[in-house]
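Have the structure open as you read.

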Amino acid sequence: VLGTSNLDKATREYHLDHFLLLSSYSSILGNIGQSIYAAANGFLDGFAVLRESMRIKGERTGFTCSINLPFWEQGGMQVSNSVLT
């Protein structure tokens, strides 16, 4: 959350083409065990909307987008086999 805010502040004087945030499906489909992670990713999605409205007003440059990445096949956050079948 702080990194996103600080990155926006640090680049607000630059002429950007894009400001891309990589979020997760957990912001939409999170479960109780992922609540903090889901909230942080939900912040990224909401910040993208806020920053894009600032771009439209001329307060920022660069199209702002938050992409909700799917769960990884391998690694820390996976779905159970019952969900995959």
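Thr4 counts as buried, because its relative accessibility is 10%; buried here means under 20% relative accessible area, exposed over 50%, and partly exposed in between (1.4 Å probe, protein chains only). Thr4 belongs to helix H1 (residues 2-11), where helices (H or I, at least four residues) and strands (E, at least two) are DSSP runs numbered from the N terminus. Neighbours within four places in sequence aside, Thr4 is in contact with Phe19, Leu21, Phe43, Leu44 and Phe47, a contact being heavy atoms within 4.5 Å.

The buried residues of H1 are Thr4, Asp8 and Thr11. They sit on the same side of H1, because they cover an arc of only 80 degrees around the axis; the arc is that of the directions from the helix axis to the C-beta atoms. Their cover includes strand S1 (18-24) and H3. On the other side of H1, Leu2 and Gly3 are exposed.

## How the model was read

This is a predicted model, so local features need pLDDT of at least 70 and side-chain atom pairs count only at pLDDT 80 or more, while totals for chains, interfaces and linings use all residues. Residues are numbered from 1 along each chain as its sequence is written, and side-chain values use heavy atoms, with hydrogens and water left out.

The protein chain has a mean pLDDT of 85, and 80% of its residues reach 70 or more; pLDDT is the predictor's confidence in each residue, from 0 to 100. Confidence in the chain is highest in H1, at 96, and lowest in helix H4 (residues 81-84), at a mean of 58.

How many salt bridges does a search of the whole structure find? There are 3, a salt bridge being a side-chain nitrogen of Lys or Arg within 4 Å of a carboxyl oxygen of Asp or Glu. As background, side chains of opposite charge can pair when their charged atoms come close.

Asp8 and Arg51 meet through their side chains in a salt bridge (2.8 Å, N to O). Asp8 lies in helix H1 and Arg51 in helix H3, so this pair ties together parts that are 43 residues apart in sequence. Arg51 is buried, with a relative accessible area of 1%, and Asp8 is buried at 5% relative accessibility. Asp8 also forms a salt bridge with Arg60, the closest N and O atoms being 3.0 Å apart. Since Arg60 lies in the loop between H3 and strand S2 (63-69) and Asp8 in helix H1, the pair ties together parts that are 52 residues apart in sequence. Arg60 is buried too, with a relative accessible area of 12%.

## Charges along helix H3

Arg55 and Glu52 form a salt bridge through their side chains (2.4 Å, N to O). Both lie in helix H3, 3 residues apart, about one turn of the helix. Glu52 counts as buried at 13% relative accessibility. Salt bridges that share partners join Asp8, Arg51 and Arg60 into one network. Arg55 is partly exposed, with a relative accessible area of 30%.

Asp45 is placed in helix H3. Asp45 is buried yet has no salt bridge, and the nearest side chain of opposite charge, Arg51, is 14 Å away; Lys and Arg count as positive and Asp and Glu as negative, with His and the chain ends not counted. Apart from neighbours within four places in sequence, Asp45 is in contact with Ser23, Ser27, Ser66 and Asn68.
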